[in-house]
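Subject: Structure handover

Hello,

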Amino acid sequence: MKDLPRISVGLVVWREDEVLLIRRANPPFQGCWSIPGGKVEFGETLHQAGLREVLEETGIRAQVDTLIDVFESITEHGHYVMADFSARWLGGEPEAGDDALEAAFFSLEDALRLVAWDDTRTALRQSAQTRIG
């Protein structure tokens, strides 16, 4: 089972012109800034999993808008297939929760500078170009 790809989801959550990031508490990229997200649990849709992860990690309620892209990560931690979506903030203030050391909204420029992974920067840029509202 360990060798099978795992499905995960990430949300680029916008509050006006700011984007939500978390500083990861666990591998991969422990201690690095990223978008909130995580593994899809059995029986969940991608949207449900993304909204659950955002709420658990940050306390933020959001609405999923559009698919950004699908990315893959193959490391010593496993093979992950990640569907990233644009979303909009509905309510709440960021507070670090499950799997997050910190959570905060940042300008797009600051977020692009802070995130650790090139694919996350790509997702942020694509989301900024196509986001709704």
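Below are notes on confidence, helices, rings and a few single residues.

**Ground rules**

This is a predicted model, in which local features need pLDDT of at least 70 and side-chain atom pairs count only at pLDDT 80 or more, while totals for chains, interfaces and linings use all residues. Residues are numbered from 1 along each chain as its sequence is written, and side-chain values use heavy atoms, with hydrogens and water left out.

**Confidence**

pLDDT is the predictor's confidence in each residue, from 0 to 100. The mean for the protein is 93, and 97% of its residues reach 70 or more. Confidence is lowest in strand β4 (residues 37–39), with a mean of 93. It is highest in α2, at 98. Helices (H or I, at least four residues) and strands (E, at least two) are DSSP runs, numbered from the N terminus.

**Helix α1**

Helix α1 covers residues 46–58. It has 13 residues and reaches 18 Å from its first C-alpha to its last, close to the 18 Å expected at 1.5 Å a residue. The expected span is 1.5 Å times one less than the number of residues.

Which residues of α1 are buried? They are Ala-49, Gly-50, Arg-52, Glu-53, Val-54, Glu-57 and Thr-58. Buried means under 20% relative accessible area, exposed means over 50%, and partly exposed is in between (1.4 Å probe, protein chains only). The buried residues of α1 pack against β1, β2, β4 and β7.

Take Glu-53. Its relative accessible area is 6%, so Glu-53 counts as buried. Glu-53 is in contact with Gly-37, Gly-38 and Lys-39, leaving aside neighbours within four places in sequence. Contact means heavy atoms within 4.5 Å.

Just after α1 comes Gly-59, with a positive phi of about 75°.

**Helix α3**

Helix α3 runs over residues 118–130. It has 13 residues and spans 19 Å from first C-alpha to last, close to the expected 18 Å. Thr-120, Arg-121, Ala-123, Leu-124 and Ser-127 are buried in α3. Seen down the helix axis, these buried residues fall within an arc of 160°, so they line one face of α3. The arc is that of the directions from the helix axis to the C-beta atoms. On the other side of α3, Asp-118, Gln-129 and Thr-130 are exposed.

What do the buried residues of α3 pack against? Their partners are β1 (6–15), β2 (18–24), β3 (33–34), β5 (61–75), β6 (78–91) and α2 (108–114).

Thr-120 is one of these buried residues, with 6% relative accessibility. Not counting residues up to four places away in sequence, Thr-120 touches Ser-34, Ile-35 and Val-115.

**Helix α2**

Ala-111 sits in helix α2. Ala-111 is buried, with a relative accessible area of 0%. Beyond its neighbours within four places in sequence, Ala-111 contacts Val-19, Leu-21, Phe-106 and Leu-124. Ala-111 and Leu-20 are 91 residues apart along the chain, yet their C-alpha atoms are separated by 8.4 Å.

**Rings**

A search of the whole structure finds 1 aromatic pair. Trp-33 and Phe-106 form this pair, which is edge-to-face, with 5.1 Å centre to centre and 80° between the planes. Rings of Phe, Tyr and Trp (its six-membered ring) pair if their centres lie within 6.5 Å; planes under 30 degrees apart count as stacked, over 60 as edge-to-face and the rest as tilted. Trp-33 is in strand β3 and Phe-106 in strand β7 (residues 100–107), 73 residues apart. Trp-33 is buried at 13% relative accessible area, and Phe-106 is buried at 18%.

Arg-15 lies over the face of Trp-89, at 5.6 Å from the ring centre. A charge sits over a ring if NZ of Lys or CZ of Arg is within 6 Å of the ring centre and within 35 degrees of the ring normal.

Asp-69 is in strand β5. Asp-69 is partly exposed, at 31% relative accessibility. Its contacts are Met-82, Ala-83, Asp-84 and Gln-126, not counting residues up to four places away in sequence.

Glu-16 is in the loop between β1 and β2. Its phi is near 55°, a positive value in a residue other than glycine. Glu-16 is exposed, at 68% relative accessibility. Asp-99 is in the loop between β6 and β7. Its phi is near 65°, again positive in a residue other than glycine. Asp-99 is partly exposed, at 33% relative accessibility.

Best wishes
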